Amino acid sequence: MNKGIRPARHVRAFVAAGAVVSLFGSLAGGSVAQAAPNGKSLNVLENVNFEGSWPGLDPATNTNDAADLNMMNAVYGGLFELGANNQVIPDLAKGYKFTNGGKTLTINLRPGVKFTDGTPLNAQAVAFNIKRDLEPQYGCICDSSFPVKSITPQGQLDVVIQLKEVFAPIISAFSGSAPNWIISPTALSKMGEKAFALKPVGAGPFEVVSDKPSAVLQLQANPTYWQKGKPLLRNLTFTAVGSDQSAVEGIEAGDAGAYQDLTTVPLVAAAKKSLQVTTIPAALGPYVVQLNTTAAPFNNIKAREALYYATDPQPINKGLVDGLGTISQSPSGPGALFYFPTVPGYRTYNLAKAKALVAQLGGGLKVNLITSSAGIGVQIATALKSQWSQAGIDATISADELPALVSAFHSFNFQAALQSAGGYDTAIGNGMALRYASSAPFTGVKDPKLDKLINEGVSVLSPAKRRPIYRQIATYISDHAYSPFLFNVPSWNVAAKNVSGPGLTTSNFFVRWEDVTVK
C-alpha cells in the first residue's frame, strides 16, 4: 500500500513494455554457491506503524504485503527485481516474453534454483504460488490488477500466463506484490499456513532464524542462494522502532546500521553530520484526501467541492517539509511516468467559495479523517483540520496503525482518508486502480465511466499512447471532485558510514539485499 497508508518503494515501478518483449537468457549465471564466508551482520530499523508491522510473511495471507517489501524480498528474492534507472532485472526468473499481442506472458525460470528446504523452485511451484496469491479469499493488497485468465506450467522452467486482456505494466506489477514472492509448496503443505507465516521457506538471499511479528525478524545467509558469493551479509535483522527520532538515535549509538523512509525533515540535517543520508526517488505521488463518495457527506458533490476549496497545500508543504514536497493536482509524482502537476479546471484554494458551499449544505460539514499514525500523516491531517475550520468544516482525526486502516477500507467504513497515491506507473501500486476503481480494495469511488478509462489506460503497450488516457483520467477525477491532492512528501534512508548497498545508500527504488554490505 502507500505511506499515508505510506506506499513502499515497490509500488513505484514500471517497465516500458514494447509490443513484444523478450529477455530470455538476459542474465548469466545460475550456479548454486556458498554465501560469502566473511559476511558481517546488519540490523535495519523499520517504523512500527508501516514497514515495521508484519503479521506474518506468507505472501498470500499477509495483508501488509506491500508494506513488508523489505522482509519479503530478503526471504524470497523475487521473480523480478527493480534495478537502477527503473529497469526490471530478472532474478529467480531468467527472462520473459510477450506473445499473442501482449495477451500471453511466458516467464522462463532460472535453472537449478532450490528453496532452503531443498525442493526445486520450478514451473509447477511458481504456477501454484501465483494461482494461490490471486485467490479471492486472500488479502493481498496489490494483486487486484493482475487480469489473469489461466496459469500453466510448461515443462520445468516455463510458466505460461494467459491474460484476459493486455495489461501493459504487468512485469513491473510483479515487483512488490505477492505473485513475485515464491514460497515452497512442500513446506506450506507440511507446516500449514499459520506456522509457515512465522517461519517461511523461500529461495531468496536469506532464510528465517526467528520471527517475532512486528518486533524482530532475524535472518541468516542462505547457503544455497543461486548467486555465487552472495549475499554479502552473514546475518540480517529487521527491528521495529517507534519513531524517526528513535531510529536516528539508534544508528548514532551503534545499535543499528540503517533506517528506511525517514520523513521528519528537521532530522535530516542533523543526521548528515555523522551518517549517510540518501534521498529516495520522488516517483511516488502526492498525499491525497481520499473520499468515500458512496455515502454522506461526500456522495454530495457540494461537500467534495467545499473540501477542495478549503484545502491549500502550499503553506502545509512549506511548514512541514520546508517546501521540499512537490504539489500536484493528480495522483502522480515528478518522477512518475505519467506526471501531470496541473489539471485544467482543478478547484484550487478559495476560502469564500468553500464557506458558501458549506452554508448551502445546511447543517454544515463534519468530517472524520483517518490516517496512518506513522510518519508525517498526523501532522498533515492536523494542518488540514486547521485550514478546513476556517471554512466552517469540523474535522476529527483518527490515527491508526496499518491493519486498522486496511480494515476501514475493506469495510468501506470511512468518510475521508489521508493517503498517498501513485507510483512510477500509475496503473500499479497505489495508482489509479487501487484508489479509484470500483472493485479495488482501497477505493472510495464507484464510477463505471472512470472504471472504463482506467481499463483503457492499461490496454495498450505503448507509454506514448497511454499518456493521453491518464491525462483524461486526471481531468475526470478533478471534474467530479473525487479527492483533493496535496504534495509528495520527501523521504530519506539513513545508514551508518560503513554500510552500503543499492537502494539503501543509493537512490534505487528497491533495496537489493543480496548486495548490501558492512565494511
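Which residue stands opposite Ala 416 in strand 19? It's Leu 369, and we'll come back to that pair when we get to the sheet.

Some housekeeping first. This is a predicted model, so local features need pLDDT of at least 70 and side-chain atom pairs count only at pLDDT 80 or more, while totals for chains, interfaces and linings use all residues. Residues are numbered from 1 along each chain as its sequence is written, and side-chain values use heavy atoms, with hydrogens and water left out.

Okay, the sheet. When I say strand or helix, I mean DSSP runs numbered from the N terminus: H or I with at least four residues for helices, E with at least two for strands. The one I picked is an open sheet of four strands, in the order 15-19-17-18, with mixed pairing. Two strands count as paired if DSSP finds at least two bridges between them. Strand 15 (287-291) and strand 18 (393-400) stand at the edges with a single partner strand each, so one side of each has no neighbour in the sheet. On average, neighbouring strands here are turned by 30 degrees against each other, direction ignored. Back to our opening pair: strand 17 (residues 365-372) and strand 19 (residues 416-420) run parallel and are joined by two bridges.

Helix 11 (residues 377-389) packs on this sheet and touches strand 15, strand 17, strand 18 and strand 19. Touching, or contact, means heavy atoms within 4.5 Å. The direction of helix 11 makes about 170 degrees with that of strand 18. For angles like that, axes are lines fitted to C-alpha atoms, for helices over the stretch in contact, and the angle runs from 0 to 180 degrees between N-to-C directions.

Now helix 10 (351-360). Which of its residues are buried? Ala 354, Leu 357 and Val 358. Buried means under 20% relative accessible area, exposed means over 50%, and partly exposed is in between, with a 1.4 Å probe and protein chains only. Those three cover an arc of only 100 degrees around the axis, which puts them on the same side of helix 10. That arc is taken from the directions from the helix axis to the C-beta atoms. On the other side of helix 10, Ala 352 and Ala 359 are exposed. Among the elements covering the buried residues are helix 8, strand 17 and strand 18. After helix 10 comes Gly 362, with a positive phi near 80 degrees.

On to charges. How many salt bridges does a search of the whole structure find? Seven, where a salt bridge is a side-chain nitrogen of Lys or Arg within 4 Å of a carboxyl oxygen of Asp or Glu. Take Lys 230 and Asp 515, with their closest N and O atoms 2.5 Å apart. Lys 230 lies in the loop between strand 11 (216-221) and strand 12 (235-241), and Asp 515 in the loop between strand 22 (499-500) and strand 23 (517-518), so this pair ties together parts that are 285 residues apart in sequence. Lys 230 is partly exposed at 21%, whereas Asp 515 is buried at 15%. There's a network around them, too: Glu 81, Lys 230, Arg 512, Glu 514 and Asp 515 are linked by salt bridges. Within it, Arg 512 and Glu 514 have their closest N and O atoms 3.8 Å apart, and Glu 514 is buried at 2%.

Another salt bridge joins Arg 347 to Glu 305, at 3.1 Å between the closest N and O atoms. Arg 347 is buried at 11% relative accessibility, and Glu 305 is buried at 16%.

What about the nonpolar side? A nonpolar core here is a set of buried Ala, Val, Leu, Ile, Met, Phe, Trp, Tyr and Cys residues joined through side-chain atoms within 4.5 Å. The largest one has 142 residues, and those touching the most other members are Leu 79, Ile 161, Phe 174, Leu 236, Trp 388 and Trp 513. Apart from it lies another core, of nine residues, including Phe 409 and Phe 442.

Last stop, Glu 46, in strand 3 (residues 41-47). Is Glu 46 buried or exposed? Buried, with a relative accessible area of 0%. Leaving out residues up to four places away in sequence, its contacts include Asn 70, Met 71, Phe 238 and Tyr 259.
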